[in-house]
Amino acid sequence: MTLSKKDQERYAALAALEEQPTGTSTPGESAHGADAAAIGQQLLLDALGSTQAVARAVGGRPRVGGTAAGAGSSPTIRTRVTPTRKREVDQLRAQLGMKSDSDVVRAALDEYVQRHLQASA
């Protein structure tokens, strides 16, 4: 992101002011409401590079199962494992190129549930 000449000058003036122990505020332009929101959106777009990245930064990651971000939290199942099982999950995660232990556990649980549902049908 490249600052405009006006923004560079304003930044330099504010930085110089803040570096002084007795700095005082200087009047300047400010935006409010929809104007401020539009400026914020543009700053995020410039910083993050895409509208999808902005949506994720603002709304959080999508819920498990593809539900839109911000639609509430996904149900959670918690469990403890032995140190050996944790190392095995880490190894499997690396082998499969998965990002997190949760990805491995979800895949394993999906496979297990499907297999047992089919066996009982």
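Student: Which residue forms a salt bridge with Asp90, the closest N and O atoms being 3.2 Å apart?

Tutor: A word on the source: this is a predicted model in which local features need pLDDT of at least 70 and side-chain atom pairs count only at pLDDT 80 or more, while totals for chains, interfaces and linings use all residues. Residues are numbered from 1 along each chain as its sequence is written, and side-chain values use heavy atoms, with hydrogens and water left out. A salt bridge here is a side-chain nitrogen of Lys or Arg within 4 Å of a carboxyl oxygen of Asp or Glu. At 3.2 Å between the closest N and O atoms, the partner of Asp90 is Arg93.

Student: In which helix do Asp90 and Arg93 both lie?

Tutor: Helices are DSSP runs (H or I, at least four residues; strands are E, at least two), numbered from the N terminus. Asp90 and Arg93 are 3 residues apart, about one turn of the helix. Both lie in helix α4.

Student: Which side chain meets Asp90 in a salt bridge of 2.6 Å, N to O?

Tutor: Look within helix α4 (residues 83–96), 4 residues from Asp90, about one turn of the helix. Side chains of opposite charge can pair when their charged atoms come close. The side chain that meets Asp90 at 2.6 Å is that of Lys86.

Student: Which residues are linked with Asp90 in a network of salt bridges?

Tutor: Arg93 also meets the side chain of Asp101 in a salt bridge, at 2.9 Å from N to O. The structure holds 7 salt bridges. Linked with Asp90 in the network are Lys86, Arg93 and Asp101.

Student: Is Asp90 buried, partly exposed or exposed?

Tutor: Buried means under 20% relative accessible area, exposed over 50%, and partly exposed in between (1.4 Å probe, protein chains only). Lys86 has 33% and is partly exposed, and Arg93 at 22% counts as partly exposed too. Asp101, at 25%, is also partly exposed. Asp90 has a relative accessible area of 24%, so Asp90 is partly exposed.

Student: What pattern does the protein follow along the sequence?

Tutor: The protein has 5 helices and 0 strands. Of its 121 residues, 2% count as buried. Read along the sequence, the pattern is α-α-α-α-α.

Student: At roughly what angle do the axes of helix α2 and helix α3 cross?

Tutor: Two packed helices are described by the angle between their axes and the distance between the axes. Here axes are lines fitted to C-alpha atoms, for helices over the stretch in contact, with angles from 0 to 180 degrees between N-to-C directions. The axes of α2 (residues 33–48) and α3 (residues 51–59) come within 8 Å, and they cross at roughly 115°.

Student: How far apart in space are Ala55 and Leu44, C-alpha to C-alpha?

Tutor: Ala55 lies in helix α3, and is partly exposed, with a relative accessible area of 47%. Ala55 and Leu44 are 11 residues apart in sequence. In space, C-alpha to C-alpha, they are 9.6 Å apart.
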